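Here is a short report on one protein chain. Look at the sequence and the 3D structure first, then read on.

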Amino acid sequence: MLIYNVFGRYLGVKRVAESWQVFRVDRNEGKHSRLYNIIIPDELSEAEISGWLGDIFHEAASEQHPDVTRVE
């Protein structure tokens, strides 16, 4: 699973068959749960995911968390 820090919130993205699935990630407990309301287009490459997440969640940006970064 790819883990991203999305403006201070951890999201996981996993390729299943030909689709991307998105998860809320608790890095302290090592748990994750599926988020069904966030869609990543199937045709996006792994390199494009952080940009897509940034476009979707840009309103959550703050001085403390100005970017989307891959952490794992």
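## Overall size

With 72 residues, a compact globule would have a radius of gyration near 11 Å; the protein chain has 12 Å, which agrees. That radius is taken over C-alpha atoms, and the globule rule is 2.2 Å times the number of residues to the power 0.38. Along its principal axes, the C-alpha trace spans about 35 × 30 × 20 Å.

This is a predicted model: local features need pLDDT of at least 70, side-chain atom pairs count only at pLDDT 80 or more, and totals for chains, interfaces and linings use all residues. Residues are numbered from 1 along each chain as its sequence is written, and side-chain values use heavy atoms, without hydrogens and water.

## Order of elements

From the N terminus, the order is β-β-β-β-α-β. Helices (H or I, at least four residues) and strands (E, at least two) are DSSP runs, numbered from the N terminus.

Strand 2 (residues 9–16) pairs with strand 3 (residues 19–26) over six bridges, in the antiparallel sense. Strands pair if DSSP finds at least two bridges between them. Two residues separate these strands in a hairpin, and Ala 17 in the turn has a positive phi of about 60 degrees.

Strand 3 also runs antiparallel to strand 4 (residues 31–35), joined by five bridges. Their hairpin has four residues between the strands, and Gly 30 takes a positive phi near 70 degrees.

Arg 24 in strand 3 stands opposite Leu 11. In strand 4, the bridge partner of Arg 24 is Ser 33.
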